[in-house]
Amino acid sequence: MYMIESKGGAISCMLLALLFLGTWPAIMTLTERRGRLPQHTYLDYTITNLLAAVIIAFTLGQIGPSRPNFITQLSQDNWQSVMFAMAGGIVLSLGNLATQYAWAFVGLSVTEVITASITVVIGTTLNYFLDDRINRAEVLFPGVACFLIAVCFGSAVHKSNAADNKSKLQGFKSLETTSSFQVEIDPADSGLGKGKAKEGTAAYLIELEKQRAIKVFGKSTIIGLAITFFAGICFSLFSPAFNLATNDQWHTLKHGVPKLNVYTAFFYFSISAFVLALILNIKFLYWPILGLPKSSFKAYLNDWNGRGWSFLAGFLCGFGNGLQFMGGQAAGYAAADAVQALPLVSTFWGILLFGEYRRSSRRTYVLLISMLFMFIVAVAVLMASSGHRK
């Protein structure tokens, strides 16, 4: 199997993982805003997410002189570590499923900020102690503090932006009976007029609400924040569980049984995530939540609108998680949590693709810039704390 030996190699894995893990949520959000049911999108996503783990296992898990390789470990008596890996996959799958609904309520940027910050505050602390403190505490925990500050800014950004949108929509009485091109308000302020509505305007917000799969107008933002915090708790546990699977800190394996390598652990991790996602999303097809329309497995199979994007999202997430674990095994899983700064990437996509924060207030922009600055500082500090696993 292939092993990352240097700190530079580990940091390269983390940076590439940051790009992948910050991009796939934007793709999933794109399909939802175009009206595709999240159950359909997530079922497609789970297929390629598992396929990415299989590809990594049969390539990187098999090449190189290090032993034991992936196939050899499939027949070893290591079920205790396998259970930790599968537990990590279960909580990650629950977190990913929750965020798909949270994106609709509180936006891509704020969802990623809150979940990533909770993950780092809880998950990094657990990983630091599990890794026998190979990361420099005097550097690591100031980085964690930066993430905690970022989540405060993220909540403030959401509150400010929600107030901005409410102000834009004051002239609209009924979304169900009123076209965004039939409201008597100033076209210069509303974005009304010929052609497509301008991003950030009241007309744009209404057209988006009519097109998207999850209807959010009139619903309490507390629902979105509650889903977001639940996802953050799930995300904070998957990396420590994976750490236990690959390093056996609790000495659950029998004497002489090799520890799981990162590729074997990731394979079992992805299988459990796939099975849970498959069960829950098939259930949601027939018993949907949050007011979504009912669907069926036949309707899912016939829905090719956005399927390619969903497959791409699954590949990006799968390879991103694999790279994070490879970097964490080499430099410490606490330092690898730097990839949770994915809001740096997802906020870029949110602004570029979806017009988030367009025509918002100056207060919202100041809070947004402050949030992003804290993430940049946090990434730099966490990566500087990288150690070397002996």
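Where does Arg133 lie? I looked this residue up first in the model, which is predicted. I found Arg133 in the loop between helix H5 (108-130) and helix H6 (137-168).

**Entry: two positive phi values**

I noted that Arg133 has a phi near 60°, a positive value in a residue other than glycine. As background, most residues other than glycine have a negative phi. I then checked exposure: Arg133 has 53% relative accessibility and therefore counts as exposed, the cut-off being over 50%.

I recorded a positive phi for Asp248 as well, about 50°, and this residue is not a glycine either. Asp248 sits in the loop between H9 and helix H10 (262-286). Is Asp248 buried or exposed? I read a relative accessibility of 9% for Asp248, so it counts as buried, the limit being under 20%.

**Entry: the chain overall**

I counted 15 helices and 0 strands in the chain. Of the 390 residues, 57% are buried. I took the contacts between residues at least 6 apart in sequence and found that 84% of them join residues at least 24 apart. The accessible surface comes to about 16,400 Å², and carbon and sulfur atoms account for 67% of that area.

**Entry: salt bridges**

The side chains of Arg36 and Asp44 meet in a salt bridge, with 2.8 Å from N to O. I also find this pair listed as a polar contact between side chains, at 2.8 Å. Both Arg36 and Asp44 are buried. For Arg36 I read 2% relative accessibility, under the 20% limit, so this residue counts as buried. For Asp44 the relative accessible area is 0%, and Asp44 is therefore buried too.

Arg36 has a salt bridge with Asp303 as well, and the closest N and O atoms are 3.1 Å apart. Which parts of the chain does this pair link? I placed Asp303 in the loop between helix H11 (297-302) and helix H12 (307-331), and Arg36 in the loop between helix H1 (7-33) and H2. The two residues are 267 residues apart, and the pair links distant parts of the chain.

Arg136 is at 43% relative accessibility and so counts as partly exposed. Glu138 is at 58%, over the 50% cut-off, and therefore counts as exposed.

**Entry: surroundings of Asp44**

I located Asp44 in helix H2 (residues 38-59). Which residues does Asp44 touch, not counting those up to four places away in sequence? I listed Arg36, Tyr300, Arg307, Ser310 and Phe311.

**Entry: surroundings of Asn243**

I located Asn243 in helix H9 (residues 221-247). Its relative accessible area is 0%, so Asn243 is buried. Leaving out residues up to four places away in sequence, I find that Asn243 touches Asn127, Leu130, Asp131, Asp248, Gln249 and Tyr333. One of these, Asp248, is the residue with the positive phi of about 50°. Another, Asn127, is joined to Asn243 by a polar contact of 3.1 Å between the side chains. I also checked Ser81: its C-alpha atom is separated from that of Asn243 by 9.7 Å, and the two residues are 162 residues apart along the chain.

**Entry: packing of H14 with H15**

At what angle do helix H14 and helix H15 pack? I read an angle of about 145° for H14 (residues 343-354) and H15 (residues 362-384), with their axes 10 Å apart. H14 contributes Pro343, Leu344, Thr347 and Ile351 to the contact, and H15 contributes Leu368, Met371, Leu372, Phe375, Ile376 and Val379. I sorted the residues of this contact into 9 nonpolar, 1 polar and no charged.

Technical notes:
Residues are numbered from 1 along each chain as its sequence is written. This is a predicted model: local features need pLDDT of at least 70, side-chain atom pairs count only at pLDDT 80 or more; totals for chains, interfaces and linings use all residues. Side-chain values use heavy atoms; hydrogens and water are left out. Helices (H or I, at least four residues) and strands (E, at least two) are DSSP runs, numbered from the N terminus. Buried means under 20% relative accessible area, exposed over 50%, partly exposed in between (1.4 Å probe, protein chains only). Contact means heavy atoms within 4.5 Å. A polar contact is a pair of N or O atoms within 3.5 Å; within protein, one must be able to donate a hydrogen and the other to accept it, and residues adjacent in sequence count only if both atoms are side-chain atoms. Axes are lines fitted to C-alpha atoms, for helices over the stretch in contact, and angles run from 0 to 180 degrees between N-to-C directions. Ala, Val, Leu, Ile, Met, Phe, Trp, Tyr, Cys and Pro count as nonpolar, Asp, Glu, Lys and Arg as charged, and the others, Gly among them, as polar. Accessible areas come from the Shrake-Rupley method with a 1.4 Å probe; for residues, only the protein chains shown count as cover. A salt bridge is a side-chain nitrogen of Lys or Arg within 4 Å of a carboxyl oxygen of Asp or Glu.
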